[in-house]
2 protein chains.
Amino acid sequence: MELTSLLKRIVGDRFVLTDREKLENYILDETPIHIRPRPASNLILVKPSNTQEVSEILKIANQYRIPVYPRGGGSGLAGGAIPTRNGIILSLERMNRIEIDRENLMAVAEAGVTLEKLIKTAEEAELFFPLHPGDESAQIGGLISTNAGGTRAVKFGIMRNYVKGLEIVLPTGEVLRLGGRLQKNNAGYDLMHLIIGSEGTLAIITKAIIKLYPKFEATATLVIPFENRQDAINSVPKILQGGVMPLAIEYVERELMEKTAKHLGEVWQVKEGRCYLLVIVAEQSREEMLNQSLKIAEICKNYGAMEPLFAEPKEDQDRILRIRSNIYLTLKSEMIDTLDVTVPPASIGKLIEEVDRIAEKYDTRLPAYGHAGDGNLHIHIMDEGRDEEYYEKLRSEIYDAAVKLGGTITGEHGIGKVRVRSLMKYMDEKQLEIMRKIKEIFDPNNILNPEAVIP
Amino acid sequence: MELTSLLKRIVGDRFVLTDREKLENYILDETPIHIRPRPASNLILVKPSNTQEVSEILKIANQYRIPVYPRGGGSGLAGGAIPTRNGIILSLERMNRIEIDRENLMAVAEAGVTLEKLIKTAEEAELFFPLHPGDESAQIGGLISTNAGGTRAVKFGIMRNYVKGLEIVLPTGEVLRLGGRLQKNNAGYDLMHLIIGSEGTLAIITKAIIKLYPKFEATATLVIPFENRQDAINSVPKILQGGVMPLAIEYVERELMEKTAKHLGEVWQVKEGRCYLLVIVAEQSREEMLNQSLKIAEICKNYGAMEPLFAEPKEDQDRILRIRSNIYLTLKSEMIDTLDVTVPPASIGKLIEEVDRIAEKYDTRLPAYGHAGDGNLHIHIMDEGRDEEYYEKLRSEIYDAAVKLGGTITGEHGIGKVRVRSLMKYMDEKQLEIMRKIKEIFDPNNILNPEAVIP
């Protein structure tokens, strides 16, 4: 029988699509155009509605050695979800049920639940999902597969810390349940943590149990203006050392915030300073929130900060976060690549110095901003009409600088398909060998997201 | 050349020991005697002083297929460290250097650093290591290998959450560096998280980078007395849902606290109630600490709690924690086994009901206490002079009850060598198969802690 017929038998006629037009939203992601891998030409989009269907699809794909590309919200920045070989795009969008377990402070969500839906559903139950990895159209499966970070990771860490249980389907079709509604589990090797961050190359995530927090009684966003970037950056470790634990500490520059606000049809209201720290404070009482906010403002003042903007109403805070979250999309058309190097938090000052030096050397702009509290900076390589070699050298020099400071080439976006060669350069051979062998255990026929992660 | 001579050449004559008398402290751990595996008779104790020496020892062991048993503080409760075959005991005790990176709020500690030293060194730098997995003679390598939990895991989670970087030596001798002084790292599969909790079967941990927290300005320990256990237990999820985030929520019974205090030559001062919640509150201001303490006391009052004891001076708090931490050792001589089943936190009430039912059915006592905030209970099977079959049935029935509630057979102690058969029963075959293959990748000749974890 033809493949499409086999697949239609599993999920129903309506949910197998081959018409290129209808595939348009499924073959790309948010990776900058210049470096984005090209999607294959012969693709079948399949939309299963449950785990059993996912399993049956994978069994067929494995039998016929057909590549399968798991698909979430498509907001990745490393080409991880782009189907680069002829095969199946497996969209989890119909698996979007979510249930809140208020008693255990957890959400049980299928892979296709969007970040937006997770946040809202938690809020309706008077609970809170602290993490905010940018684009809210991202889906749970993708957030976990890429171990997403983003803003608001300072207080409770990155996605990995939130995942308590997973249901996964192996490329060979078996369904495994890992972890549970549990805060502690030491029964055997932790395969769940191996799956987290494996970028859809080891298994398809179909369901997850996610830790939530009680709603914070009081939150505020501080916009703290500085005249120069070193002062702003240098005050970050001091905030953390000062015993303050904000949800987020972001570094941004005025020019970018203004440009992004304009792009969104809004106005950026802070006119002072050339750059800012955006700090989100969340506490269990307004008193404590104000205490922490004052402490932060004071520390920053010692580093030359001007009077902060203090935003307390939800809509004001949301607007600031929305503008911050849209910087990337605003710049996207002008850029070659967006990096997410991460260094020890206390070394971001040095990293910024290096970035300045490299920008000068290459006679280019290198807009930099990001999750300063995590040592994680987004550095954009801008389109200067130069050749491939120029960009490659520039990129390598930034990677080298980060690694030299004890950092990593990717703290958030992952390897996907665009950083595979770089991973080879910065990871030692033995470690790559172990990765390859692990891939073989889970996916003996290399059908799951081939060309991603593993060199 | 003889093996001992080869080893002496690596670490020096003084640090290779074969005299059984000198090995006494290295061949057992804290596992209850009744279930404790028997150590082998022909053992060599080796004490390397650095990573290079560890690597050389492993190369030799791998070449001659000699079992190697990594050794930390020996405070394990599942026989994980007991050398059950003739071979090498590799004690990391001489690798006990520690350095505090105040700027990044991290400790860089060799595997042999004790929990006590980690806590003290952090304190001297005005920082704080929140976790407290019981016995302070435990060593970093063991804490990570077993993904230790214990008390004080409610606010920031278990050991896994604290580990940011690892240096490991593979059984084949290669040294790998995983992670770093980083809050975010998504470069390839996370082998670091696979090593955490693998109980010394995949690699030897030689060094770790551990996240610390700023010192809390104000802490207190509340002892909240209840007349009956269901009331105490049922108030736990309400505390967590109430937006309070204490460091620890422990459930204990008066009889056990009195007995343990006596064992330590102290007096347990709370005379009211048959059981208690011990809650440790830690906040950045005294105001907030008092707020949270009041909120907790109020919630518990709704469940029939009596007036709490409020301990604020450090020595008072330390005494309460010390008595709590010594319950196990006090009971040890009378017990057959100590379980650490873990269920969804909101289900501990049901678990306790099941434990009561099982105790009645088997006509025995089942002292139960533990980390109620994590759904993690220690249930002791007491020595009743019965036969093996009786205890095995009793144990199985407790496991069954926990698993039925969505729980796991071990939330803390791990599989070690005493729960391997149980793991087989409760884990599906495919998952065991993956574990076995992962073991093969790392340790092709099965020299590293054989007979542990993998069935």
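Predicted model: local features only at pLDDT ≥ 70, side-chain atom pairs only at ≥ 80, totals over all residues.

Residues are numbered from 1 along each chain as its sequence is written, chains are lettered from A and ligands numbered from 1 in the order written, and side-chain values use heavy atoms, leaving out hydrogens and water.

**Stop 1: the interface.** Select chain A and chain B: 82 residues of chain A are in contact with 82 of chain B (heavy atoms within 4.5 Å). Together they bury about 6,700 Å², 60% of it on carbon and sulfur atoms (accessible area, 1.4 Å probe, lost on being put together, summed over both). Now pick A:Lys184, A:Asn186 and A:Tyr189, which lose the most area on the chain A side.

**Stop 2: a salt bridge.** Show A:Asp190 and B:Arg160; their closest N and O atoms are 3.2 Å apart. The two chains share 10 salt bridges (Lys or Arg side-chain nitrogen within 4 Å of an Asp or Glu carboxyl oxygen).

**Stop 3: the sheet.** In chain A, colour the five strands of an open antiparallel sheet, ordered 5-6-10-8-9 (strands are DSSP E runs of at least two residues, helices H or I runs of at least four, numbered from the N terminus; strands pair with at least two bridges). Strands 5 and 9 of chain A each have a single partner, so one side of each lacks a neighbour in the sheet. Zoom in on A:Glu167, whose bridge partner in strand 10 is A:Lys207.

Notes:
Buried area = accessible area lost by both parts, 1.4 Å probe.
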